[in-house]
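Let us walk through this structure from the overall fold down to single residues.

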Amino acid sequence: MDFQLLTAENEVVVELDEAGVSDKHCHDYDHCNLVAPPSDPNLEPYEGMEFDSEQAARIFYNSYARRIGFSTRVSVYQRSRRDGSIICRQIVCSREGFRRKGRENSSKRQRTITRVGCKAQMTVKKQTSGKWAVSRVVKQHNHELVPPDKVHSLRSHRHVSGPARTLIDTLQAAGMGPSGIMNVLIKESGGVNNVGFTRVDCQNYMSSSRQRTLGTGGQVVYDYLKRMQAEDPDFFCAVQGDFENLTGNIFWADGNSRMNYSYFGDTVTFDTTYRTNRYRVPFAPFTGWNHHGQPVLFGCALILNESEASFVWLFQTWLAAMSGHHPISITTDQDRIIRSAVAQVFPGTRHRFCKWNVFREAQEKLSDVYGSHPTFESELQRCINVLETVDEFESCWESLLQRYNLGDNEWLQSMYNICQHWVPVYLRDTFFGEMSITQGNDSVNSFFDGYINASTNVQVLVKQYEKAIATRYEKEVKADYDTLNAAPALKTPSPMEKQAASVFTREVFLKFQEELVETLAYPATIINDTGLEVIYGVAKFGEDQKAHVVKFNVFKKKATCSCQMFEHTGIICRHILAVFRVTNVLTLPSHYILKRWTRNAKGRVVSDNCTVGLPSNSQESYATRHENLCRQAMKFIEEGVESVLTYNVAIDALHEAANKVASAKKHSAGTIQNSLLGCSLPLQSCSVDQDKKIQELTAKLEVASEQCEAYRAKLVAILKDMEEQKLKMKVKVETARVNLKME
């Protein structure tokens, strides 16, 4: 991997050695398999600990700092020369380093000395797997730590949360000043320790909210929207208010985003990280997951007005850009205004709150409990993340409140009242697109991780946005290439595994393969057999108390499992696969193959006799053609650069293709018209033939179903007759035994 010099966000620059890596502390931990479980927040940082993202590492270290009693800040970082993304980050104690000499006289008043050269820090480095590993940890501080009842005053543990912003905006509009607003917040939060910020923070927010516009950066956004409208026929943008002045909310989605939604729009995340992380730009993307499990973009917004009416406008505008197709599920933060807007615009969509935001708010609202009871946080997360049934969660939650005397805590009661929206056991019956049922939503689906952060201003927003788009596209093309050209190693002789390897994308197949291999340790035992449906208990060998219940319809080859992994992730679980193994279901039934997880997720099934080049609708045509040409070109380049001979052949072919394209453009109107006229009859014939085949197959299916039902009735009758004969034999045997005893 290529690297650039570390850039110092806080005055420090780290020099690199000749290999391009800092010899100070950026060591390689690719060989480590240690993972920091999110369910155990009391873990202290250690070398080799892994996180899903840089943001997750920063959140963990700040949470650790809150428990210990110090504040944190980000220090130096390293960028990759390949794509400009951050690949190494140092997070330090806020008292690290020293104030530069010569600055004392730059201010009229003497500032408090806060930096004392503390060495405490944690360095994380991005691995080839995409995770971030801790490469260095220093725990010793050279200053006193802050006690738990004062830690809320430290800078990194203070921020004006989304709900607090809404309340401040409302009270400010009513004419209330900073002191009055703080008094209300203290009363609502149950004490000054639970507010999460100081009066100065409140006053600063109120000052900034009066000037919440794009300022001089508005012209940059305006120019970008105009340029994209000219370049992309499928580009969609809308402004709430005056388009020229850009004083209202702004939404836009390019052709690729709209096309991606048509493929992967079953689940959506509305990412408002800017509210909790104090971003300089109120940037909020709509994202989802593609067929490789990678983040995919569905549009972006700049939120200059956080009223309920503005969020309703934004959601309605986004829905219009996505052709009015509602998603199955949507994930947002738990802000009351956003909740209300989602309920109005997406009444039939399952609404989930981001669990990461819930836990972050818990640190603010329960800071006194966290400080006085070090084990509370880990027990709370276990109660929410680990338990598998509603009854287990209810029992654990009640026990937790009693053990820590929190039965009267208003915030916990309010979160329990809406637990169906954020506790995993209530959400497993709905598709959310995570690759595993335990992945959950502990961190936001950040499409722009490493590109847009709290320091990004409007002037560089567009540049970073386009860079992130290009990088994500390259990663998707690479994943497509690996799926097509790097066949995964099979671990069993199962025909089902071979079938899955040829149907699913590589990443999804590896998840399926993991479940399939695990079935070897999961025997399935019949609990009840009603003839039409067989109920199995499936548990890991030696762990019968943790059995899952699988209901299996023999004739339809459909099964449901109490773990609900398929419903939640779209990937079949080991428990159902174990039942398939004992019932000789050798291939995966079609209803367990979601197209969104397949190699053909972006393709269409078209008859060989019909024209393939016609787009399904005018809205997708440009983006579809663009993407298909890009993918074909990438494959062409991969093969063309292998040798000088293939390179020369490729160049000649490109010249010839360019001439043909130029010629075709001159006659495009007549050619398209003739093509459409010539294809109308074959398409009609194709449709008629398909209808006949469907009718024939439907008739055969009905006959087969009737035969199966007749066979089943006969089988049930035979079984009943056998049971009666068995009972008669048993009576005769017992009678014979009695007679023998009497003789």
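The chain has 22 helices and 17 strands. This is a predicted model. Of its 743 residues, 45% count as buried. What share of the contacts between residues at least 6 apart in sequence joins residues at least 24 apart? The share is 62%.

The largest nonpolar core has 57 residues. Within this core, W252, F283, F315 and W318 have the most contacts. Which helix gives the largest share of the core? Helix 8, residues 308-321, supplies eight residues. F315 shows what such a position touches. Another core lies apart from the largest one. This other core has 34 residues, among them V508, F512, V534 and I576.

Now look at a pair of helices. Helix 10 spans residues 355-365, and helix 12 spans residues 376-385. Their axes come within 12 Å and cross at roughly 155°. Angles over 145 degrees count as roughly antiparallel, so helix 10 is roughly antiparallel to helix 12. The crossing of the two helices is right-handed. Which residues make the contact? Helix 10 contributes K355, F359 and Q363. Helix 12 contributes E377, L380, Q381, I384 and N385.

Start with K557. Its phi is near 55°, a positive value in a residue other than glycine. Where does K557 lie? K557 sits in the loop between strand 16 (548-553) and strand 17 (558-561). Is K557 buried, partly exposed or exposed? Its relative accessibility is 41%, so K557 counts as partly exposed.

N584 lies in the loop between helix 19 (574-582) and helix 20 (618-640). Exposed means over 50% relative accessible area. N584 has 60% relative accessibility and therefore counts as exposed.

Methods
Residues are numbered from 1 along each chain as its sequence is written. This is a predicted model: local features need pLDDT of at least 70, side-chain atom pairs count only at pLDDT 80 or more; totals for chains, interfaces and linings use all residues. Side-chain values use heavy atoms; hydrogens and water are left out. Axes are lines fitted to C-alpha atoms, for helices over the stretch in contact, and angles run from 0 to 180 degrees between N-to-C directions. Helices (H or I, at least four residues) and strands (E, at least two) are DSSP runs, numbered from the N terminus. Angles under 35 degrees count as roughly parallel, over 145 as roughly antiparallel, 65 to 115 as roughly perpendicular and the rest as oblique. A crossing is left-handed if the near helix is turned anticlockwise from the far one by less than a right angle, and right-handed if clockwise. Contact means heavy atoms within 4.5 Å. A nonpolar core is a set of buried Ala, Val, Leu, Ile, Met, Phe, Trp, Tyr and Cys residues joined through side-chain atoms within 4.5 Å. Buried means under 20% relative accessible area, exposed over 50%, partly exposed in between (1.4 Å probe, protein chains only).
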